[in-house]
Structures are given as structure tokens and as C-alpha cells.
Amino acid sequence: MSVTGRTAVSSLTQEILGYLGLAHKTAAWGTLGTLRTFLSFSVDKDVQRLLRAIAGHGVDHTSIMDVLTNRSREQRQLISRAFQERTQQDLLTSLRAALSHNLERIVVALMQPAAQSDAQELRAALKGRGSPEDTVAMEILATRAPSRLQECLAVYNRDFQVEAEEDIKSETSGILRDLLLALAKGGRESYSGIIDYHLEEQDVQALQQAGEAGAQETWVLLLTQRNVEHLARVFEQYQRRTGQKVEDAVRNRFQGEAQVTLLSLASVIRNTPLYFADKLHQALQQTEPSYQVLIRILISRSETDLLSIRAEFKKKFGKSLYSSLQDVVKGDCRSALLALCRAEDV
């Protein structure tokens, strides 16, 4: 890379780092993803390339991943439909037959509609595939845009013949159940641009008093219904008033799954990209990397806010996400995950 190129990359990184406070707000509009619509897109060329990669002498993993990690989800769906029309075969089925292990999981996550992937992850989380600290259900319900969440819940009902709310009721209990049910309703207020100081003061007082028995519903109401901008100010005022962060209050007042879920939800509200950066770092720090977590986050955030997540990762851990993936991830899926991450942060 030329000196000019390195300077430009460094400048971009510093600009992102400098505006992290705005990053999580603009990410909802899809402006901070690493994966964008491919401008020179030709569905016919991509179908032909994938067909050669699958049917040639030996599976061409490089070509498959080069196509799939450089197209938007919408473009991948167009490729899938065109492949079916031209070959009378399902592309995902063909790809799964040609691949295995983590590379197969990546392809499945890339090729499925976003709502279907979310529904499957939500179902697995609710049915207990994971540790008690697994917060995937909260993550999906709390971080998806309202339209995508509603689509996820509709697919959940269609594919599993049961409402997600029914599974939440049967598989969880207590404040954890109440939180997940409230998030599933998608009733969080929209930010109007007007600061309601009276409501802010009222909510701070409510949280101060919510340590009393029977007052847990206050936490559920506020953290699942108020808009994120309002809650950020409430968190700040709460800390000034009490001398402790909201997260510290949660640790003092709740235990078990309720504590873990409330802490994760507070983290999402405070800074969504930082929440995902922490999750990625935890996945990479394990003796064997948690490929399930890496795949889920890198793919689900690749078209929304992965640039912000990368910036938060570098800021907190002093090392880029790209380099961390390079150092830890092994096997055929390594190049695919690096392609989704996209670039080094200097």
C-alpha cells in the first residue's frame, strides 16, 4: 500500500474513533457496515462462477467465498433465485453438499434471509442450547430494527409452528421472562428529538426506588420501553445522583440469568457496537474460539454497524479485530471471516 493509501486508511480510522458517540445512532440506517451493495453486480456471472466452483474438479472455496462475502444479502437472494431458475437446483443445498464444518455454517448464515437466521438463533437460545449466561435471545430481540424483528417473529411462527412469545413463557421465568416478552412486543418508544426533562427525573427516581421488593417491573418497563437516547441521559443522571452506574445497581439487586440479561441489555442501550466488540473479544479469548458467536455477529452486523464495532474493539483492546481474527481463527473459514471484517484498522 502506498504512503498516501496508508494515510487515508489511518485518517478514516481516526475519524470513526473520534465519532464513536454517534456511531451507534447512525448504524441503524445501515451506513456503517463493512459489506455494501456490489456496484458491478451481474447475477449471471455470479451464477456461472458459483456453478463452476461447485461442479468443477474439486470445490473452489475461494471463488465461493469471494462471491458471497462481496454481495449484499439482497444480491445473494437474487443469485439464489437465478441459480434455481437456471439449474433447477437449490443453491444453498448445493453449497452445503460441497462444504463442511464452519465454512458450511458461514454459507448457511450468508444465504438465508436475515429473518430466518434470527429465528433459528432465537429458537436455539430459548430451547437451551448454550450456557445460562447465553444472552442470544436478548441480543436478537433488543438489537434488531423493528421491521426486522417483526419479520423474525413471523418466520419463527411459520417455521416452528409456535409463537416466540409462547416459547419465552415456557422456557424462561421471572424477570428474564418479563424482559424477553417486553422486547418481543417491539414497543420501544421512538426518539422524537425533544428532551423530556420531567420524565427523565421521574425515571431516575423510579430506578432509585426499584430495589424494593415487588419493584422489578420498573426495570423491565424502563429498559424495554423508553427510547435509547432518553435512557442514556437517565443512566448519566442516575450515576450523578447515586455515585454508582446503573450496571452496579443491577449487580447489587439481581442474580443469575436476570442479572446477566439486565447487564447485557444495559450494555446494548449504552453502546451497541461496544457490546458486540466485547462479545467478539470473549469469543476470541476462549481456548477454542467460539465460531458460532463469531459467525453470528460478523454476518448479522456486516451490513449495519461492523465498522463501529471494529473501532470500539480497537479502542478498548488496543488491537484490531482483523488482526485478532488473523491470529486466532484457523481452517477454511478464516478467509471468510476476514473478508466480512474487511480490513485492518491502523
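## Ground rules

Buried means under 20% relative accessible area, exposed means over 50%, and partly exposed lies in between (1.4 Å probe, protein chains only). Asn-102, at 18% relative accessibility, therefore counts as buried.

This is a predicted model, in which local features need pLDDT of at least 70 and side-chain atom pairs count only at pLDDT 80 or more, while totals for chains, interfaces and linings use all residues. Residues are numbered from 1 along each chain as its sequence is written, and side-chain values use heavy atoms, with hydrogens and water left out.

## The chain overall

The chain has 22 helices and zero strands. Helices (H or I, at least four residues) and strands (E, at least two) are DSSP runs, numbered from the N terminus. Of the 346 residues in the chain, 48% are buried.

Contact means heavy atoms within 4.5 Å. Take the contacts between residues at least 6 apart in sequence: 72% of them join residues at least 24 apart.

## The nonpolar core

A nonpolar core is a set of buried Ala, Val, Leu, Ile, Met, Phe, Trp, Tyr and Cys residues joined through side-chain atoms within 4.5 Å. The largest one here has 97 residues. Leu-122, Trp-219 and Leu-337 have the most contacts inside it. Helix H12 (residues 174-184) gives the most to this core, with eight residues. In soluble globular proteins, nonpolar side chains tend to be buried together.

## Helix H22

How many of the nine residues of helix H22 are buried? Seven are, so the helix (residues 333-341) is largely enclosed by the rest of the structure. The buried ones are Cys-333, Ala-336, Leu-337, Leu-338, Ala-339, Leu-340 and Cys-341. They pack against helix H4 (61-68), helix H7 (101-111), helix H19 (291-300), helix H20 (306-317) and helix H21 (321-328).

Leu-337 touches Ile-106, Tyr-291, Leu-294, Ile-295, Leu-298, Leu-325 and Val-329, leaving aside neighbours within four places in sequence. Asn-102 sits in helix H7. With residues up to four places away not counted, Asn-102 is in contact with Tyr-291, Ile-295 and Cys-333. Just after H22, Arg-342 takes a positive phi of about 90 degrees.

## Cysteines

Cys-333 is buried, at a relative accessible area of 3%. Cys-152 is buried too, at 0%. A disulfide is a pair of cysteine sulfur atoms within 2.5 Å. The count by this rule is zero disulfides.

## Where H15 meets H17

Two packed helices are described by the angle between their axes and the distance between the axes. Axes are lines fitted to C-alpha atoms, for helices over the stretch in contact, and angles run from 0 to 180 degrees between N-to-C directions. The axes of helix H15 (residues 228-242) and helix H17 (residues 256-270) come within 9 Å and cross at roughly 110 degrees. H15 and H17 are therefore roughly perpendicular to each other. Angles under 35 degrees count as roughly parallel, over 145 as roughly antiparallel, 65 to 115 as roughly perpendicular and the rest as oblique.

On the H15 side, the contact involves Val-228, Leu-231 and Phe-235; on the H17 side, Ala-266, Ile-269 and Arg-270. These residues divide into five nonpolar, no polar and one charged. Here Ala, Val, Leu, Ile, Met, Phe, Trp, Tyr, Cys and Pro count as nonpolar, Asp, Glu, Lys and Arg as charged, and the others, Gly among them, as polar.

Asn-227 is in the loop between helix H14 (216-225) and H15. Is Asn-227 buried or exposed? At 9% relative accessibility, Asn-227 is buried. Asn-227 touches Arg-188, Glu-189, Ser-190 and Tyr-191, not counting residues up to four places away in sequence. Asn-227 and Arg-188 are 39 residues apart along the chain, with 6.0 Å between their C-alpha atoms.

Glu-165 belongs to helix H11 (residues 164-171). Glu-165 is partly exposed, with a relative accessible area of 27%. Beyond neighbours within four places in sequence, Glu-165 contacts Leu-181, Ala-184 and Lys-185. Glu-165 and Ala-184 are 19 residues apart in sequence and 7.1 Å apart in space, C-alpha to C-alpha.

## Positive phi in loops

Most residues other than glycine have a negative phi. Gln-88 has a positive phi, near 60 degrees. Gln-88 lies in the loop between helix H5 (73-87) and helix H6 (91-98), and is exposed at 61% relative accessible area.

Gln-161 also has a positive phi near 60 degrees. Its loop runs between helix H10 (146-160) and H11. Gln-161 is exposed, with a relative accessible area of 67%.
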